[in-house]
Amino acid sequence: MSQIIDIFKEITSIPRCSKTHEPFINYMKELCEKLDYLCLVDEVNNILCKKNDSKAKLAFQSHYDIVCLSDNCVPVIVQNGDILSAKNSTLGSDNGIGCAYMIQLMHDNVDGEFLFTSDEEIGLIGANNLDLELNAPYMLNLDSEEEGGVCIGCAGGVDIFASNTNKKIVPNDENLDLYEVSISKLQGGHSGVDIDKNIPNGIKLIAKTIKEANAKLLDINGGERINSIPVNVKAIIASKETPIASHENMVIEKIDTKSEHLNIFDDKIIDFLYNFENGMRSMNDELGVVQNSINLAIISTNPDEIKIELSARSMANDELANIKDETIQMLEEHNFTVTTDGKYPAWKPDINEFTSKVLEIYKEFNSEASLEAIHAGLECAIFKDKYSSIKVASIGPSIQFPHSKKEQVSIQSVENVFKVVKKIVEEIN
């Protein structure tokens, strides 16, 4: 069974940060030629592998891009007993393990439709723009992160982008001191599945320190990805009083130079960051999952403006619209110009003959297996929209702290789930 882990290690050595396509596409083309599969690639770099004369009843789907917290990162895997992690980076088990499962099934000569989608981690770009035809009536997505769960529903989401250009040069009449305030090495995490875990948000912490020192804002940059809880943030501020750190990881350094004039941004920017209700907004007790949330993800300064990026999620499309509208209104009241993008629908939980069969098979291996929904965007929602009759379920091994440097996966869990995948293939085909 360690073949899966060998495949995972092999593809982890291939550069797969979001927006990096060619190396993995070339790998899959070579593999398909060797294993006698067609390899079809569309305009947005999705890859579909299938037999020439395919009569597949099952489509398998994983995204091949990974979250990289630094540019061009290729994870270096560290194995400690049963646990795989990476040296000072994300591991890419999300969704590299799913890709490894699919590649193993191709080595096993399974007649399936194997869809590897691109750029899921930066807005489900591949799935949203898919231009490859699927004919199978059933789809098994392999991007879930909890062993024993059969996912049959997920949150929808929308990304919100705001900019504030209110900036002015003022004389430093109050003789304010300059400070650099920075925070780093926070835990980080996924802005969907980890949003209820009280993980500190670096942007909110910096805003608290600035607001409570009545400081003026000159520059601020922070956050890594729109779907990650921000880890690293740095600001330059001007203040009469010495700012107080709001977290043990925060460093405040006085800048020695005195400035006769200050180039300061709108105070309303800090007011928004300070007052904004970040994180989980409500729970869905019926599903035992977060119902609504929003994450303040990225902030950046250029010479003329400050930009912020937020990611809102909901298990219901109408409630997602409400969060979006409320946030836009609040931003506009704080002098921001706002746009939205990256919207994807919620996948309303759907129990049908396929999901019931998957659960029945899973229970043969794990009596605790259950149907569940997840507070994150799965591409399944988009495939349900594109192919109205397709029946979808999502499973995967236990992955801890995805999208962070603490990301890890259990080898035993990977192997347990693959047994279930193989049995699903046997029974459906």
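Tutor: The protein has 10 helices and 23 strands, where helices (H or I, at least four residues) and strands (E, at least two) are DSSP runs numbered from the N terminus. Before we go on, this is a predicted model, in which local features need pLDDT of at least 70 and side-chain atom pairs count only at pLDDT 80 or more, while totals for chains, interfaces and linings use all residues. Residues are numbered from 1 along each chain as its sequence is written, and side-chain values use heavy atoms, with hydrogens and water left out.

Along the principal axes, the C-alpha atoms fill a box of roughly 80 × 40 × 40 Å. Among contacts with a separation of 6 or more, 79% come from residues 24 or more positions apart, a contact being heavy atoms within 4.5 Å.

Now the close-up. Searching the whole structure turns up 1 disulfide, defined as a pair of cysteine sulfur atoms within 2.5 Å. The partners are Cys17 and Cys68, with their sulfur atoms 2.1 Å apart. This pair ties together distant parts of the chain, 51 residues apart: Cys17 sits in the loop between helix H1 (3-12) and helix H2 (22-35), and Cys68 in the loop between strand E3 (58-63) and strand E4 (77-80). The torsion about the S-S bond of Cys17 and Cys68 is about -95°, so the disulfide is left-handed. Both Cys17 and Cys68 are buried.

Cys32 is in no disulfide, and its nearest cysteine sulfur, that of Cys49, is 3.4 Å away. With 1% relative accessibility, Cys32 counts as buried. Cys73 is in no disulfide either; for Cys73 the nearest cysteine sulfur belongs to Cys68, 4.9 Å away. Cys73 is also buried, at a relative accessible area of 12%.

Technical notes:
Buried means under 20% relative accessible area, exposed over 50%, partly exposed in between (1.4 Å probe, protein chains only).
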